[in-house]
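Subject: Structure for you to look at

Hello,

I am passing on the structure we spoke about. Please open it alongside this message.

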Amino acid sequence: MKKFARKALLFATGLLLLLFFTNNFGLIDIQKTAIVTAIGIDAAEEGGFDVTAQIAVPDASGADTASNVTVRGTETVGEAIAELNRKTGWFPTLVHCSLILLGKDTAQENVFRALDYFLRSEYVEDSCLVALCETTAAETLGAGSPIGDLASAAIAKVLSAEAQKTGLVSVTNLRDFAKGYFSEGESGFLPQLSALPQAKSEGGSGGQSGDSGNSSSAGGSGSGKSGGSSDVFDASRTALFVRGQLTALLETEETLAYNLAVSGTDMAFGDVTVYEGDREVIYHLKIDIGKKSQKLQIKGALPVLEFSIRAQAQVVDANKAGTRTEIAATAIVPDHVLRAAEERFEKELRAAADKAHATGCDLFALKQKLHRFHPKEYEALQENLLQDVRITCDIRFETMR
């Protein structure tokens, strides 16, 4: 036995040395290492879908190159995933998929007809990010990143938790979007993603999408080393949904006000315009949220949504040349600027609420609050809740010093 064991050990050692010196360790097996990082879904004719997968393929040096593969005209997303496997030989289990992009045309109907597949899948995490594209999902995934990332990686950074904390983006994952859809209010929101063309870049990812009729097709791969146009992604606007269908769009300032009042945002930057003498002055403020709350009350048989926000502000910049004293006291915000900031905040928050409620979107989960905290009044008030609710705001900004 000892003699056999020694021979087996020598044989194994020789095989490993052979693999090492023939550089087999450096070979990349596409079948095993191709990773689906994102899925894009676009509406096709007759109620079908065009599904694009962005696949990251590491080369021998370990760097990722992108290849976009599109399957066209399938009746379901699940059919498209199966077609990806049959046409390309890759088996996309989606265990590494962290981003789902919906093309703008999918939102004209219930987007959960497409998202149901991911809710059922045992491979896709419910923390997977979801966003609505201003154009098509295929076009967005084909955009080049100026910092050399895959498009999906660059988009994921724009939709990161850090962006959410600063109020710039209303980040949504699959779990939270589905919770809103299946709640009493049947409402939800997604960040709307736009690709803003920039100058030529020498480091764009260069991922491209290819197609060939109604079948899947492998797009060209990009190494990120050649020149090409690049895009900067913006997600500062928020798409509102009712029963899975797009109903309205919050602009950038409305998105910021909503996040400052409701979400986990604790720090943000915003502009406030005031008049000093006969001149219009714009102050760029840093805003730190201390305390905030929202409460649904019933007063005189009518629903009242009460917002309470406490924040501190600091001057970051202004469109005028400051005096030496003003620059030294940048943490001290003039009182008239603080009052203007409060008014601007309330104006944008009310605009977001009005826009949502006018289209039937329960943006502040009022029906859920009514059912949970005022069950006796639920039946009488729930039908016209969004039309009848009155909003009050108690917003106070203080200077940091």
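This is a predicted model: local features need pLDDT of at least 70, side-chain atom pairs count only at pLDDT 80 or more; totals for chains, interfaces and linings use all residues.

Nonpolar cores. The largest nonpolar core has 49 residues, and the members that touch the most others are L285, F307, L363 and F364. Helix α11 (residues 335-358) supplies the largest share of this core, nine residues. Both domain 1 (24-249) and domain 2 (251-399) contribute to the core, so it lies between them. There is also a second, separate core of 34 residues, with V57, V69, V130 and F177 among them.

F364. Neighbours within four places in sequence aside, F364 has contacts with Y258, V262, Q294, L305, F307, L349, A353, H357 and K369.

Helices α9 and α11. The axes of α9 (residues 252-261) and α11 come within 8 Å and cross at roughly 100°. Angles of 65 to 115 degrees count as roughly perpendicular, and the two helices are therefore roughly perpendicular to each other. On the α9 side the contact is made by E253, E254, A257, Y258, L260 and A261; on the α11 side, by R344, F345, E348, L349, A351, A352 and K355. Sorted by class, the contact has eight nonpolar, five charged and no polar residues.

E348. This residue sits in helix α11. Leaving out residues up to four places away in sequence, E348 touches E253, E254 and A257, which are listed on the α9 side of the helix contact.

Regards

Terms used:
Residues are numbered from 1 along each chain as its sequence is written. Side-chain values use heavy atoms; hydrogens and water are left out. A nonpolar core is a set of buried Ala, Val, Leu, Ile, Met, Phe, Trp, Tyr and Cys residues joined through side-chain atoms within 4.5 Å. Buried means under 20% relative accessible area, exposed over 50%, partly exposed in between (1.4 Å probe, protein chains only). Helices (H or I, at least four residues) and strands (E, at least two) are DSSP runs, numbered from the N terminus. Domain bounds come from an automatic or database domain assignment. Contact means heavy atoms within 4.5 Å. Axes are lines fitted to C-alpha atoms, for helices over the stretch in contact, and angles run from 0 to 180 degrees between N-to-C directions. Angles under 35 degrees count as roughly parallel, over 145 as roughly antiparallel, 65 to 115 as roughly perpendicular and the rest as oblique. Ala, Val, Leu, Ile, Met, Phe, Trp, Tyr, Cys and Pro count as nonpolar, Asp, Glu, Lys and Arg as charged, and the others, Gly among them, as polar.
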